[in-house]
Amino acid sequence: MAEQKLLGKRAIVTGGATGIGYGIAERFIAEGANVIITDIDETGGTRAALALGDHCQFVRHDVSVPEHWNALFVIAQGKFSGLDILVNVAGVTLMGNIEELDVATWDKTMAINLRSCFLGCQGAIKLMKADGGGANY
Ligand SMILES: NC(=O)c1ccc[n+]([C@@H]2O[C@H](COP(=O)([O-])OP(=O)(O)OC[C@H]3O[C@@H](n4cnc5c(N)ncnc54)[C@H](O)[C@@H]3O)[C@@H](O)[C@H]2O)c1
């Protein structure tokens, strides 16, 4: 059994349906955390939450959409009454080369890989501070 270093901690892990996000969620739960995994892939996310067990909930969430973040934090507040950890994992690899790439694809990729971290951290900080936690540097 893994050391319970995260016992009772409340976490959100984006991109949790597979890959790195799934692995982080699995480890967090093994160390005692309760985790909301989010992903744009509803089938994969539902399957992942089932495999990860009672300490995991899946929320369908597109990290590039600000309203989805707002809805996610309402769910997290209702479930956890606060938040200790946010892990921004969801991401995509930019397809195509610079000569052929269109602006819409570039913007969408930046919204998924970069703007999502800003939106996620901005909302998470509010929840953490309201609960007396978090850290400002
Ligand atoms: N695997 C590696 O070695 C590696 C190395 C460096 C960087 N990365 C980057 O780290 C991130 C995660 O890597 P991975 O290997 O787990 O990738 P992955 O493709 O296995 O998983 C990414 C997850 O993000 C989800 N996702 C994609 N767009 C989304 C969106 N708009 N909203 C919510 N979820 C979305 C996908 O459905 C998928 O489940 C990726 O951005 C990847 O490019 C990976």
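A nitrogen atom of the ligand sits 3.3 Å from a polar backbone atom of Ile40, a polar contact, meaning a pair of N or O atoms within 3.5 Å. This is a predicted model, in which local features need pLDDT of at least 70 and side-chain atom pairs count only at pLDDT 80 or more, while totals for chains, interfaces and linings use all residues. Residues are numbered from 1 along each chain as its sequence is written, and side-chain values use heavy atoms, leaving out hydrogens and water.

**Around the ligand**

- His61 also takes part, with a backbone N or O atom 3.4 Å from a nitrogen atom of the ligand.
- Asp62 uses its side chain instead: an N or O atom there is 2.9 Å from a nitrogen atom of the ligand.
- On its own the ligand has 820 Å² of accessible area, and the protein covers 60% of that; such areas come from the Shrake-Rupley method with a 1.4 Å probe.
- The ligand has 17 residues around it, and Ile20, Asp39, His61, Asp62 and Val63 come nearest; a residue is near if one of its heavy atoms lies within 4 Å.
- This shell holds eight nonpolar, six polar and three charged residues; here Asp, Glu, Lys and Arg count as charged, Ala, Val, Leu, Ile, Met, Phe, Trp, Tyr, Cys and Pro as nonpolar, and the others, Gly among them, as polar.

**The largest pocket**

- The volume of the largest pocket is about 160 Å³; a pocket is an open set of points on a 1 Å grid over the protein atoms alone, where a 1.4 Å probe fits, with protein on both sides within 12 Å along at least five of seven lines.
- Its lining has 13 residues, and Ile40, Val63, Ala90, Gly91 and Ile112 lie nearest the centre; lining residues have an atom within 4 Å of a point.
- Two or more lining residues come from each of β2 (34–39) and α4 (103–130); helices (H or I, at least four residues) and strands (E, at least two) are DSSP runs, numbered from the N terminus.
- Sorted by class, the lining has five nonpolar, five polar and three charged residues.

**Strand β1**

- Arg10 belongs to strand β1, which spans residues 10–14.
- Arg10 counts as buried because its relative accessibility is 15%, and buried means under 20%.
- The side chain of Arg10 reaches the backbone oxygen of Ser81 at 3.3 Å.
- Ile12 is in strand β1 too, and with 0% relative accessibility Ile12 counts as buried.
- Ile12 and Glu100 are 88 residues apart along the chain, and their C-alpha atoms are separated by 36 Å.

Note on methods:
Grid points are joined across faces, edges and corners, and a volume is the space filled by probe spheres set on the points. A polar contact is a pair of N or O atoms within 3.5 Å; within protein, one must be able to donate a hydrogen and the other to accept it, and residues adjacent in sequence count only if both atoms are side-chain atoms. Buried means under 20% relative accessible area, exposed over 50%, partly exposed in between (1.4 Å probe, protein chains only).
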